[in-house]
Amino acid sequence: MNLQSKRSNKDLSMAVLGWNQKWEEAFAELKLEGAQPGRIIADHGHKYRVMTERGEGWAELSGKLQHELGDRSAYPAVGDWIAQRFFSESEKDGIIHGILPRFSTISRRAAGSVPTEQIIAANVDVLLLVAALNLDFNLRRLERYLVMAWNSGANPVILLSKADLCEDPEQFVKETESIAPGVPVIAVSAMEDQGRDQLEALLRPGLTVALTGSSGAGKSTILNWLAGEEKQFTQGIRESDSRGRHTTTHREMFVLPQGAVMIDTPGMRELQLWDDAGGGWSEAFTDIEEFAAQCRFGDCRHEREEGCAVQEAVRSGDLDQKRLENYRKTQRELKYQATKEQARQRNDRKTSGKKETRRGKGEQRRRFELERD
Ligand SMILES: Nc1nc2c(ncn2[C@@H]2O[C@H](COP(=O)(O)OP(=O)(O)OP(=O)(O)O)[C@@H](O)[C@H]2O)c(=O)[nH]1
Ligand SMILES: [Mg+2]
Ligand SMILES: [Zn+2]
C-alpha cells in the first residue's frame, strides 16, 4: 500500500502537526534563506516523507548537511522538524538543509556488536509503552522501557493492552503502578473499546504521541482504533508464546481525529538501552533511590552492609527483590554501554577530528499534567 493512499487529508496545516511559535523561532535561528519548515513523517533510509505546507512530499539531505551530521544516528528521524528547499515553486519534494533542535529523543541501542544509537522517534510529548495483558506480560521488561522513556525527554504512559483477555485488569494496573512511580497506567482494549476516554485525554491537538513496545502488543491496532480507520496493517500473534510477528516494519506518523499526531513503530524483540544522558535510570527507580538515601553509609552498595535501607525494604516486602536485581542489571548495562561509547567517540575524534555531538537529551523535558479522571 503506498503512503499517499493511506493518508486521506493531504492539506494538513502545519499546526495540526504541532508547529507553534517555539518552532517558528527555532526555525528562524537556522537562517536558511528560501527554506520552508516541514516534519518528517516517515523514514525510508536515504529518503524521507516530509509534511510541509504544500502537503506530503519526498526529501533528501543536502550533501553539506550529511557531512555536518557525520554519524547516521544524528540524521533526522520521524518526528523531526526540518528546513527544506523545494525543487521548484510548484513541487512538494525538496532537499533538507537543516534540522531543528529536538526537545525529546527516543533512542535505543541498535542490534550489532558495534554500539550505535538508533533513534526511534524525535520530538515526542507522550510515549506510550504498550504491554499486552497476556502470557507475554513482563514487569521487568516494562522497567527497561521506563528507563528508555525517562531518558528520552518524553512523558511516559503505560498502556496495558488487550484488557479483554484478562480476568482482572485492575490487579495488573496496581502491580504495574508499583513498578512505575509517577507514571499513569491505563488498561485498554481496542477490541472492546475499553479505556478510550483516558487515552483520548492524552491526544490533545498539537501533541505528538508515540507507541512503543514488543511486537504483537497491539500498537498498530490501538492506532487504528483511535483513528477510526485501518491506517496500519495488523496481524495475529504466535499461539505458542503470545509473541508478535514483527508486522510493522517502518516508523511512521499519523494524524488522529482527536487532534494529536501518533507515531507507530515496529515492535522490538528485546530493548537494548542506549545511554543514561537524561538520568532516566534513577527516575525509573526513584523508590529504590529513596530507600538508598536512608542507608547508614553514604557509599552503601546495598548488599550486606549494616543499616542498609534497601535490603531492609526487601526484607519487609516493600521492595521486590527482582526489581532490585533489574535496577542493578540495567545500571551495569548502561555503564558498560557508556564505556564503549566513550571509547568509540575517542576513536572517532582521533580519526576525523569531529566534535562530540550531544543533543541535549532530557534537558528540556517538558512536563504537563495528564488529565485523568
Ligand atoms: N483480544 C485482543 N486482541 C488484540 C487487541 N489489540 C490487538 N489485538 C490483536 O493482537 C495482534 C497483534 O496486534 P498488532 O496491532 O499487529 O500488534 P503490534 O504491536 O502493532 O505488532 P508489531 O507491528 O509486530 O510491533 C492482532 O491479532 C490484534 O488483533 C485487543 O484489544 N484485544
Ligand atoms: Mg504494528
Ligand atoms: Zn544500602
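Author: The answers below take up some terms in turn and concern a predicted model.

Reader: What makes the arrangement around the zinc ion (ligand 3) tetrahedral?

Author: The 4 donor atoms around this ion subtend angles of 100 to 115 degrees. Four donors count as tetrahedral if all angles lie between 85 and 135 degrees. For four tetrahedral donors, the ideal angle is 109.5 degrees.

Reader: Which atoms are the protein donors of the zinc ion (ligand 3), and how do you know that they are donors?

Author: They are SG of C295, SG of C300, ND1 of H302 and SG of C308, lying 2.1 to 2.4 Å from the ion. A donor here is an N, O or S atom within 2.8 Å of the metal, so these four atoms qualify. The spacing of the donor residues in sequence is C-x4-C-x1-H-x5-C. C295 and C308 are 13 residues apart, each placed in the loop between helix 9 and helix 10.

Reader: What does UniProt list for "binding site"?

Author: An unreviewed UniProt entry lists C295, C300, H302 and C308 under that name. Such annotations may be inferred rather than shown by experiment.

Reader: Why are C295, H302 and C308 called buried?

Author: Buried means a relative accessible area under 20%. C295 has 9%, H302 has 10% and C308 has 3%. Each value is under the cut-off, and therefore each residue is called buried.

Reader: Which residues are in contact with H302 and with C308, leaving aside neighbours within four places in sequence?

Author: H302 is in contact with A292, C295, C308, V310, Q311 and R328. For C308, the contacts are C295, C300 and H302.

Reader: Is K31 buried or exposed, and how do you know?

Author: The relative accessibility of K31 is 71%. Exposed means over 50%, so K31 counts as exposed.

Reader: Why does A59 count as buried, and where is its place?

Author: A59 has a relative accessibility of 1%, which is under 20% and therefore counts as buried. Its place is in strand 3 (residues 55–61). Not counting residues up to four places away in sequence, A59 touches K47, Y48, V50, Q84, G94 and I96.

Reader: What makes a set of residues a nonpolar core, and which members of the largest one touch the most other members?

Author: The members must be buried residues of nonpolar kinds such as Ala, Val, Leu and Ile, joined through side-chain atoms within 4.5 Å. The largest such core has 77 residues, of which I96, L146, M148, I158 and L160 touch the most other members. Helix 4 (residues 139–152) gives the most to this core, with 8 residues. Apart from it lies another core, of 22 residues, among them V157, L199, I222 and L223. In soluble globular proteins, nonpolar side chains tend to be buried together.

Reader: Which residues does I158 touch?

Author: Beyond residues up to four places away in sequence, I158 touches L129, L142, L146, T176, A180, V183, P184, V185 and I186.

Technical notes: Residues numbered from 1 in each chain as written. Chains lettered and ligands numbered in written order. Predicted model: local features only at pLDDT ≥ 70, side-chain atom pairs only at ≥ 80, totals over all residues. Heavy atoms only, no water. Helix = DSSP H or I, 4+ residues; strand = E, 2+ residues; numbered from the N terminus. Buried < 20%, exposed > 50% of the residue type's maximum accessible area, 1.4 Å probe, protein only. Contact = heavy atoms within 4.5 Å. Donors = N, O, S within 2.8 Å, 3.2 Å for Na, K, Ca; no water. Tetrahedral: all angles 85-135°; square planar, octahedral: opposite > 155°, others 65-115°.
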